[in-house]
Amino acid sequence: MGTVTRASLDKQPHEVASMFDDVAERYDLTNDVLSLGQARLWRKEVAKAVDARPAQKVLDLAAGTATSSLPFTRAGAYVVPCDFSLGMLQVGKKRHPWMPLTAGDATRLPFRDDVFDAVTISFGLRNVQDTDAALRELYRVTKPGGRVVICEFSHPTWSPFRTVYTEYLMRALPPVARTVSSNPEAYVYLAESIRAWPDQPALAQRLRKAGWSKVAWRNLTGGIVALHRGFKTG
């Protein structure tokens, strides 16, 4: 089994951005293949949890090519897809030229206080160097009464399944990535970052520490993915 090393996980922000630039063109296809089609189901569950309404403002952080933003626009909301990777944003702009794609650092968002009715990030918080700073920034730009929805890889709750899943991440995922991705080494990093990520209760505690209230989570696909939700009161 592969080993998680500090050298492999301690990437600088520009290194992470460059890594995602390299995989931008085939990123959505690769995710569908590696998740065995589950990625689309997870996106649907995120859309339900965000519950975007007409005229609401939604921030979709780590939006990549803006595929994750489409359900919110279909609901009639004004969506701002934001990402640190210029390569991802360029691909997204070609595919969705009407969207206001915005370059931004999750730890220093380029938005005023209390702007968005809902903020969401899917499979991106794990790649931010300072998780707690990002959670505080999401809180800052959310209107009082607004909500956050985080979709992120997590820890399967059934021990035998967790063992099989970990084996898949470190043994099967890199070879599969080599056949469908333009930068398979990026997926070795992603597999390692998933293994090192906090479990569901630990992420919930970090949300509370950042100021979010009524924090709860729901497991998807046996805990491979977890949806965390919180609200900004006051």
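Let's start with Ala62. At 27% relative accessibility, Ala62 counts as partly exposed, because the cut-offs are under 20% for buried and over 50% for exposed. Ala62 is found in the loop between E1 and H5. Its backbone deserves a look. Phi of Ala62 is near 55 degrees, a positive value in a residue other than glycine. Keep in mind that this is a predicted model.

Lys214 has one of about 50 degrees, and Lys214 is not a glycine. That residue lies in strand E6. Lys214 is exposed, with a relative accessible area of 66%.

H4 has 13 residues. From its first C-alpha to its last, H4 reaches 19 Å, close to the 18 Å expected at 1.5 Å a residue. Which residues of H4 are buried? They are Ala39, Trp42, Glu45, Val46, Ala49 and Val50. Seen down the axis of H4, these buried residues fall within an arc of 135 degrees, so they line one face of the helix. A reminder on helix geometry. An α-helix has 3.6 residues a turn, so residues three or four places apart point the same way.

How many cavities of 30 Å³ or more does a search of the whole structure find? The search finds 1. About 60 Å³ of space lies in the largest cavity. Nine names to follow on the screen. The lining is Arg43, Val46, Ala47, Asp60, Ser68, Pro71, Phe72, Thr120 and Ser122. By class, that lining has 4 nonpolar, 3 polar and 2 charged residues. Where do they come from? Helix H4, helix H5 and strand E4 each supply at least two residues of the lining. In numbering, H4 covers 38–50, H5 covers 70–74 and E4 covers 116–122. The largest share, 3 residues, comes from H4. Val46 is on both lists: it is one of the buried residues of H4, and it is one of the residues that line the cavity.

Now the sheet. In what order do the 7 strands stand? Read across, it goes E3-E2-E1-E4-E5-E7-E6. The sheet is open and the pairing is mixed. Strand E3, residues 102–103, and strand E6, residues 213–220, stand at the edges. Each has a single partner strand, so one side of each is left without a neighbour in the sheet.

E3 and E2 pair in the parallel sense over 2 bridges. Cys82 stands opposite Thr102 in E3. Strand E2, residues 78–83, is mostly covered, with 5 of its 6 residues buried. Strand E1, residues 57–61, pairs with E2, also in the parallel sense, over 5 bridges. Within that pairing, Leu59 has Val80 in E2 as its bridge partner.

Further along, we reach E4 and E5. These two pair in the parallel sense over 6 bridges. Val119 has Val148 in E5 as its bridge partner.

E6 and strand E7, residues 225–231, run antiparallel and are joined by 6 bridges. Leu227 in E7 is the bridge partner of Arg218. Remember that E6 is also the strand that holds Lys214.

First, Gly76, found in the loop between H5 and E2. Gly76 is partly exposed, with a relative accessible area of 37%. How far apart are Gly76 and Arg53? In sequence, 23 residues; in space, 6.1 Å, C-alpha to C-alpha.

Second, Phe161. This one sits in helix H8, residues 159–180. Phe161 counts as partly exposed, at 27% relative accessibility. Its C-alpha is separated by 8.3 Å from that of Gly222, which is 61 residues apart from it along the chain.

Key
Residues are numbered from 1 along each chain as its sequence is written. This is a predicted model: local features need pLDDT of at least 70, side-chain atom pairs count only at pLDDT 80 or more; totals for chains, interfaces and linings use all residues. Side-chain values use heavy atoms; hydrogens and water are left out. On a 1 Å grid over the protein atoms alone, a cavity is a set of points where a 1.4 Å probe fits but cannot get out, and a pocket is an open set with protein on both sides within 12 Å along at least five of seven lines; lining residues have an atom within 4 Å of a point. Grid points are joined across faces, edges and corners, and a volume is the space filled by probe spheres set on the points. Helices (H or I, at least four residues) and strands (E, at least two) are DSSP runs, numbered from the N terminus. Ala, Val, Leu, Ile, Met, Phe, Trp, Tyr, Cys and Pro count as nonpolar, Asp, Glu, Lys and Arg as charged, and the others, Gly among them, as polar. The expected span of a helix is 1.5 Å times one less than its number of residues. Buried means under 20% relative accessible area, exposed over 50%, partly exposed in between (1.4 Å probe, protein chains only). The arc is that of the directions from the helix axis to the C-beta atoms. Two strands pair if DSSP finds at least two bridges between them.
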